[in-house]
Amino acid sequence: SVAGFEIFISHVCSSPGRQKYLALVLDQLGRPAFVAALVVSLGLWAFEVCCRPLPRGALNPSFSLWELLGGLAAAWVVCVCGHVLCRRTCCFFDCASICSYDAELRDAGIKNIPAFLRASQEVVVLWDERYFTRLWCVYEIAVAQSFGAIPIRILPM
């Protein structure tokens, strides 16, 4: 039993799962990943300026990749492990929230889509070119719009 959802995720079921995952990770962890990359890059730069230079490549000794590689590594770690450190987000995701193997439970879940939307703080649309060709997706947007107070955010995939 859930009192409400922070995010109602609306998507086309046939869209690739990797694209959905990447869109949600960048949406939820993109800003912290950028900040981590910036802090690590500036820290490495300050270390080189104030303490001692880090080893340089043989091809171009005047250019240091340490800041770039350190920043990329920090951003990657945040994107991969950031969900462990961030606050928990309660989402409605139909393939995880509506039973697919029991017809009675599935029908009850589908009938309660308006209640799930009403209990959500925002709707996140994982948009691709097929999104508005699916009647189910249009239905979810129409129901959310009929309530009026639910913000809709579109994440292109």
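Helices (H or I, at least four residues) and strands (E, at least two) are DSSP runs here, numbered from the N terminus. Residue numbers start from 1 along each chain as its sequence is written. You are looking at a predicted model, in which local features need pLDDT of at least 70, side-chain atom pairs count only at pLDDT 80 or more, and totals for chains, interfaces and linings use all residues, while side-chain values use heavy atoms, with hydrogens and water left out.

**Colour by confidence.** pLDDT is the predictor's confidence in each residue, from 0 to 100. The protein averages 86, and 94% of the residues score at least 70.

**Select Pro151.** This residue sits in the loop between helix H6 (135–147) and strand S4 (152–156). Pro151 is partly exposed at 43% relative accessible area (buried is under 20%, exposed over 50%, partly exposed in between; 1.4 Å probe, protein chains only). Beyond residues up to four places away in sequence, Pro151 touches Gln121, Glu122 and Val123 (contact means heavy atoms within 4.5 Å).

**Now the core.** A nonpolar core is a set of buried Ala, Val, Leu, Ile, Met, Phe, Trp, Tyr and Cys residues joined through side-chain atoms within 4.5 Å. The largest has 15 residues, and Phe8, Ile113 and Val123 are among those with the most contacts inside it. Strand S1 (5–11), helix H5 (113–118), S3 and H6 each give two or more residues to this core, with H6 giving the most, four.

**Finish on Ile113.** Setting aside neighbours within four places in sequence, its contacts include Phe8, Phe92 and Trp136.
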